[in-house]
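Please keep the sequence and the model in view while reading.

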Amino acid sequence: MILGAARLTEVPRRSRTAWGVLSLCFLLPVTAHGADQDDPESMVITASRVGADREDSPQVVRVLTHEQIQQQRKLTSDSSEILSNLLPSYSPPRQKMSGSGETLRGRTPLVMIDGIPQSNPLRPTGRELHTIDFAMVDHIEVLQGANATNGLGASGGVINIITRRPESGSFTQQIDAEVSTPTSQLKSDTTGYKTTYGVSGNKGKLDYVFSLGYEQQGLYLDGDNKAVGVDNTQGDLMDSRSYDLLAKGAWWFNDDQRLQLSFNHYTVRGQDEYVDVPGDRRRDIATTSERGDPEGEAPYNKVSTTGLTYDDYDLAGMHLNLLAFYQDYRALFGGDNSSTFQDPSIAPAGTLYDQSYATTTKYGTKASLTKDDLWDGRIKLTAGFDTLFDSSEQSLHRTDRTWVPEVNYTDLSPFVQLEVTPIDEVTLTAGARYEYAKLDVDDYQTLASSGGVDVASGSPSFNETLYNAGVVWRPVDHWSLFANYSQGFEIPDVGRALRGIKTPGQSADDFENLRPIVTDNIETGVRYDDGRLDAELSYYVSSSDFGSRVTSDPGGQFVMQREKTEIDGIDATIGYQFTPKHHGSLSYSHMRGRYDSNDDGSLDGKLDGLNVSPDRLIARWSAQWSPEWSSMVQVNHAFDRNFDDSANGWDRDFDGYTLVDAAVGHALPVGQINVGIANLFDERYITYYSQSALDNPDAGYMNERYFAGRGRTLTVGYSLKF
């Protein structure tokens with residue numbers, strides 16, 4: 001299904017012993033193989049995916065299991081890297097605090113935690129995946145491709161992060177501790193530490209989860225044993241500290257009614273102990289780091305999210321789900337003397353350092369009502385209504401200048417979704433969602449670098465009706481064919497558009513670049529699953545008649561172009577259970593992106609690495625050798641890619657690379673020890689973003705952001721559950 005509530009909800013109390021059998025409302029659970037087959041929760045999820053539920057999904061859906069996430073956490077704590085390792089259609093990670101340019105199927109995904117949106121539609125900062133520690137995560141649901149499931153912002157799909165749950169009928173404590181270091185040297189400044197404590201359980205009608213985590217990351221080294229360059233401007237995970245506190249409590253009024261309150265606070269802050277030493281892109285010399293005192297205050301992310309959920313699983317034979325949420329988001333970027341920040345009335349040109357500071361507060365509701373037993377269970381009907389109220393602004397922290405004025409956004413969205421199974425072999429889906437969106441912008445003046453022009457206030461409003469339709473046909477056992485059409489709706493980067501206005505007398509009311517982006521997604525595919533061999537192949541086309549393309553200006557700031565865009569590609573996966581304890585998988589993603597460079601209706605330009613991912617192939621083998629020993633090996637290959645030449649004749653060709661990771665777990669008489677090695681063969685490589693996302697090689701920022709990826713890194717962890 002495409003429209004409806006894509007939130008994973010708890011099962012009624014009478015079924016709570018099977019935590020793995022959970023309802024995605026209209027989102028059908030599909031999980032990847034490779035989970036520990038001795039894990040009852042994984043077995044339940046696997047059973048659901050080989051049954052009718054998976055066959056009924058008219059689009060590609062992935063559920064990244066708890067076991068898979070735990071395997072990746074033995075290698076890295078970077079949430080972007082974990083997703084990239086498990087999803088080939090997700091961009092290679094930047095390994096920085098900012099994930100700008102990281103996309104799903106070439107477009108921006110909507111990131112949620114327990115159904116609560118983390119993405120900031122008015123002023124995206126690229127830090128949406130750094131709002132929670134993945135040690136707090138149970139599993140992750142991923143809808144690939146534009147859709148309006150949760151309304152605003154899912155042009156690339158939905159990434160719904162589901163937080164930890166209590167184990168039924170128990171009081172459980174867990175302590176995790178780990179240390180990570182480059183294998184080339186063991187020093188205090190290159191060593192990282194992480195520890196997490198959690199408690200969960202049930203007491204009468206109360207379920208509860210509490211978890212607290214702390215991490216300190218050291219200096220990264222690349223494959224040449226050189227310090228990886230620090231991103232003093234965008235922010236860096238290297239040389240940082242982070243904290244996370246997660247608390248959830250649920251009260252069961254009876255077997256069918258449940259009220260849950262959740263709170264998560266996450267902070268990541270750089271320690272500001274290093275400055276970058278710019279490299280030389282033309283000579284393939286990567287940026288490095290040296291001890292120093294960067295200008296300004298250390299970059300950080302501070303995010304607090306609160307959610308209140310009510311479920312009634314038998315309201316006159318229907319399921320009622322209500323969610324209310326509130327989030328406070330604050331992001332500080334590092335000091336920079338870019339041309340964008342210069343103002344001769346404050347300081348001589350080139351001498352003014354400033355810092356960008358973005359804030360967002362948003363609250364809203366999601367409501368859905370589902371009836372699934374119509375026509376002897378062959379019809380399922382869902383109706384709902386969602387609201388979102390967002391207030392965002394961006395200032396220059398040191399000089400208290402307005403860069404993006406306060407913008408208030410209102411979004412109201414009723415929807416309806418229908419699923420019909422006229423015969424056992426065919427499932428039809430269809431739905432519609434109405435989006436009403438309104439922006440309120442006050443009078444403001446742009447920065448001196450944009451001419452210091454006065455922009456008149458405005459309250460533009462938009463409305464769109466979005467449709468979806470899908471079909472799944474199961475002609476013979478184990479085989480299913482699917483096709484799907486869906487539309488996504490998003491507001492363009494309002495902040496980027498407003499701060500770039502250079503026309504005197506411009507009003508927000510008639511500013512064309514504020515028009516919404518409607519993305520059409522067409523997908524067709526085939527899947528096979530006989531319980532041992534599973535495979536899926538899909539082809540998709542994602543197009544926007546008035547899309548958004550991000551480029552960089554000579555000062556290194558990102559600017560937005562509104563142009564017709566189209567992305568098409570292939571997703572393919574195959575997995576095989578060799579034995580009950582050994583599983584292998586192979587995943588492949590191919591995509592290409594084009595845009596209309598001269599507004600003549602022809603898609604004549606190639607989207608660059610800031611907008612699309614390279615072709616990628618990921619192979620993985622998981623094994624449970626004995627009750628005590630387990631292992632995982634994965635190979636991740638990013639293929640070479642050529643892009644259009646820039647205006648000065650310089651092209652941004654991407655030189656691909658291959659990374660190999662391995663992890664081993666051993667159960668001790670008390671607890672378990674885990675050992676992971678990322679980049680096993682110590683490959684020296686330049687990240688995809690640094691190679692292909694930025695143009696104008698003569699600009700200074702090009703050399704400053706020419707970053708190498710992490711070299712071979714060892715992580716040793718100990719986990720105790722009692």
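This is a predicted model: local features need pLDDT of at least 70, side-chain atom pairs count only at pLDDT 80 or more; totals for chains, interfaces and linings use all residues.

Residues are numbered from 1 along each chain as its sequence is written, and side-chain values use heavy atoms, with hydrogens and water left out.

**Salt bridges**

Side chains of opposite charge can pair when their charged atoms come close. A salt bridge is taken here as a side-chain nitrogen of Lys or Arg within 4 Å of a carboxyl oxygen of Asp or Glu. A search of the whole structure finds 26 salt bridges. Three of them are listed below.

| Pair | N to O distance |
|---|---|
| Arg94 and Asp231 | 3.9 Å |
| Arg105 and Glu523 | 3.0 Å |
| Glu295 and Arg398 | 3.1 Å |

Arg94 forms a salt bridge with Asp231. This pair links distant parts of the chain, 137 residues apart: Arg94 is in the loop between α4 (79-86) and β2 (109-113), and Asp231 is in the loop between β8 (206-216) and β9 (240-252). Helices (H or I, at least four residues) and strands (E, at least two) are DSSP runs, numbered from the N terminus. Arg94 counts as buried because its relative accessible area is 4%, buried meaning under 20%, exposed over 50% and partly exposed in between (1.4 Å probe, protein chains only). Asp231 is likewise buried, at 4%.

Arg105 and Glu523 meet in another salt bridge. Here 418 residues separate the partners, with Arg105 in the loop between α4 and β2 and Glu523 in strand β23 (residues 517-529). Arg105 is buried at 2% relative accessibility, and Glu523 is buried at 1%.

The side chains of Glu295 and Arg398 also form a salt bridge. Glu295 lies in the loop between β12 (288-291) and β13 (300-315), and Arg398 in the loop between β16 (379-396) and β17, 103 residues apart. Glu295 is partly exposed at 37%, as is Arg398 at 41%.

**Negative surface patch**

Glu393, Glu406, Asp442, Asp443 and Asp454 form a negative surface patch. Patch residues have over 30% relative accessible area and no salt bridge, and like charges are joined within 9 Å. Glu406 belongs to strand β17 (residues 401-423). Glu406 counts as partly exposed because its relative accessibility is 34%.

Definitions and conventions. Patches are made of residues with over 30% relative accessible area and no salt bridge: like charges are joined within 9 Å, nonpolar side chains (Val, Leu, Ile, Met, Phe, Trp, Tyr) within 5 Å. Accessible areas come from the Shrake-Rupley method with a 1.4 Å probe; for residues, only the protein chains shown count as cover. Lys and Arg count as positive and Asp and Glu as negative; His and the chain ends are not counted. The place of a charge is taken as NZ of Lys, CZ of Arg, CG of Asp or CD of Glu.
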